[in-house]
Structure formats: C-alpha cells, structure tokens
Amino acid sequence: MGLVSRLRRSRAARAGRRVPEGDEAHLRAWAAANRGVEMFVEPRTTVTDTTAVMVAADGSWTRRRVGGPEGARRLARSLRIPVYDVQIVGYPQRMRDHDARERALRRRRLREDLDRP
C-alpha cells in the first residue's frame, strides 16, 4: 500500500470518529445539570481536534473534544439540544458576559485576600 493510500484511509477514519468516551460523559452530565444548553462546534485546527462548547442559559460553559462536526451533531441530537457552527454564528453574548463577571469576581477576591492582615 502506498503512502497516499494510507493518508487517505487515516483521514477518512478520523472523519467518522465518535466523541471520546470521557469527553462524551462529561458533556452529557454537564447538559443534564444545566438549563437552556446549546452546543457550538469549533473547527479542527493544527493544534486541537474539533471541539464543542456547551453554553447554558446563565452563560456558564464547558468545552470538550468531539469526533468531528458529525460527532457533535450526533451528540446534540441525542441530547435534544440545538447545535451551531461557531464560525457562522459566533459565540453567544451571555458567554462573554459570564466570563467578564467571573473575571471581576476573581479580581475582587484577590484584592480582598491582599487587604487582609
């Protein structure tokens, strides 16, 4: 078998992969524990595999690997949650607002810890 054939076969095998078990378990548990969850699929890069960001109604979020865009859609269908392509729709404002609130709280706690005698 030639090198080109091997590369094609491995690329095809990667495209049809399922969500890694530990990551899928985390995403399922997180979706069950939060209200108003939506999934945003992030593209594969040279550094990371395809990932999915789940965002709850309050803006809290989690990110885990998924087995490609099709694996993300399959997981979202089984959880009955909406799934979006982040390159098309972007991240929701509530996620950015949540991160800003968390940063402010961390800074406040740090200042309070420094001010304590």
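Visitor: Which residues are linked in a network of salt bridges?

Guide: Glu 70, Arg 73 and Arg 77 are. This is a predicted model, where local features need pLDDT of at least 70 and side-chain atom pairs count only at pLDDT 80 or more, while totals for chains, interfaces and linings use all residues. Residues are numbered from 1 along each chain as its sequence is written, and side-chain values use heavy atoms, leaving out hydrogens and water.

Visitor: What makes Glu 70 and Arg 73 a salt bridge?

Guide: A salt bridge needs a side-chain nitrogen of Lys or Arg within 4 Å of a carboxyl oxygen of Asp or Glu. Here the N to O distance is 3.3 Å, so the pair counts. Both residues lie in helix 3, three residues apart, about one turn of the helix. Helices are DSSP runs (H or I, at least four residues) and strands are too (E, at least two), numbered from the N terminus.

Visitor: How do you know that Glu 70 forms a salt bridge with Arg 77?

Guide: Their closest N and O atoms are 3.8 Å apart. That meets the cut-off, so this pair counts as well.

Visitor: Why is Arg 77 called exposed?

Guide: Exposed means over 50% relative accessible area, buried under 20%, and partly exposed in between (1.4 Å probe, protein chains only). Arg 77 has 53%, so the word is exposed. Glu 70, at 34%, is partly exposed. Arg 73, at 37%, is partly exposed too.

Visitor: How many salt bridges does a search of the whole structure find?

Guide: Seven. One of them joins the side chains of Arg 65 and Asp 23, at 2.9 Å from N to O. Arg 65 lies in strand 3 (residues 61-65) and Asp 23 in helix 2, so the pair ties together parts that are 42 residues apart in sequence.

Visitor: Are Asp 23 and Arg 65 buried or exposed, or in between?

Guide: Asp 23 has 12% relative accessibility, so it is buried. Arg 65 has 41%, so it is partly exposed.

Visitor: Which residues of helix 2 and helix 3 meet?

Guide: Contact means heavy atoms within 4.5 Å. On helix 2, Glu 24, Leu 27, Arg 28 and Ala 31 take part; on helix 3, Leu 75, Ser 78 and Leu 79 do.

Visitor: What classes of residue are in the contact of helix 2 with helix 3?

Guide: Four are nonpolar, one polar and two charged. Nonpolar covers Ala, Val, Leu, Ile, Met, Phe, Trp, Tyr, Cys and Pro; charged covers Asp, Glu, Lys and Arg; the others, Gly among them, are polar.
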